[in-house]
Amino acid sequence: MDDRSSRRDFLRWIGASSGALLLSNFACNGSAQNPDTDAGRDAGNEDVGAGDIGSSDGGTTADVAELGGTDVGGTDVGGTDVAEPACEATGSDILGPFHEEGAPHRTVLATEDERGERLVIEGTVYESDCTTPVGEALLDVWQADADGEYHGGSDDQYRLRGQMRTDSDGRYRFETIRPGNYPLGATMRPAHIHFTVTKPGFEPLTTQLYFAGDPHLAPDDPCGSCNSGDPTLIIELDDDPEGEGLFGTFDIVVESA
Ligand SMILES: [Fe+2]
């Protein structure tokens, strides 16, 4: 084998190995892990576009840039563009007239004697890449009771209200009851839970969480300025696998400020 054919074979191997690295990283990290493929940064957190790929795959430590300048680190991997996964920020919704400042920090919003179907909501707050968790985000949550009635703040023990922070993995969880529908004009609003999500460095989010199958969701929501037709705000409820009542997951994606 002469030097030219040896060099050609090596470049072909480099292209195949680097493509495999990118695909492996994408598959391992799920749907939204790899936003930086065009910067050549995310193939195992190594720059395979201009540097040392040997330290990440155990193979050669040759500098690709010196071997004919072949670009294997950008969006073009062997001539194939690497598509960026879809990722959508959680929609906003109106604050409404029933928010109360100063709710206690707690994750059990409904006392044991609160009437209604028990409900656990949990989820993760993510950055706009839908992958990086946002720890220490502050959630302020409030809702109506099973009859659709809101209760007060300090004069009413902040009934069905609470604040909580996400943990270091961006996760939160609270226990409550399924809120009831309440009338607005001649018809009923869909059942919902109000949220604000704040953390320095991110755009504050004010929104409402709705439940799939509610017959009062948009376009039948009498609140014309509400967003009960936004699919990022509607979740399915299932039986709680760890207890009686219902369970739902509401992941939240916030945008950088
Ligand atoms: Fe409301």
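The views show a predicted model, in which local features need pLDDT of at least 70, side-chain atom pairs count only at pLDDT 80 or more, and totals for chains, interfaces and linings use all residues. Residues are numbered from 1 along each chain as its sequence is written, and side-chain values use heavy atoms, with hydrogens and water left out.

**Figure 1. Protein donors of the iron ion.** Tyr150 (OH), Tyr182 (OH), His192 (NE2) and His194 (NE2) lie 1.9 to 2.7 Å from the iron ion (donors are N, O and S atoms within 2.8 Å of the metal, or 3.2 Å for Na, K and Ca; water is not among the atoms, so sites may look incomplete). Along the sequence, the spacing of these donor residues is Y-x31-Y-x9-H-x1-H.

**Figure 2. Tyrosine 182 and histidine 192.** Tyrosine 182 belongs to strand E7 (residues 182-184) and histidine 192 to strand E9 (residues 192-198), so the pair ties together parts that are 10 residues apart in sequence. Strands (E, at least two residues) are DSSP runs numbered from the N terminus. Tyrosine 182 is buried at 12% relative accessibility, and histidine 192 is buried at 2% (buried: under 20% relative accessible area, 1.4 Å probe, protein chains only).

**Figure 3. Strand E3 and its partners.** In E3 (residues 118-126), 7 of 9 residues are buried. E3 runs antiparallel to E6 (residues 171-177), with 7 bridges; valine 120 stands opposite glutamate 175 there. Parallel to E3 run E13 (residues 246-249), joined by 4 bridges, and E14 (residues 252-253), joined by 2.

Conventions. Buried < 20%, exposed > 50% of the residue type's maximum accessible area, 1.4 Å probe, protein only. Pairing = 2+ DSSP bridges.
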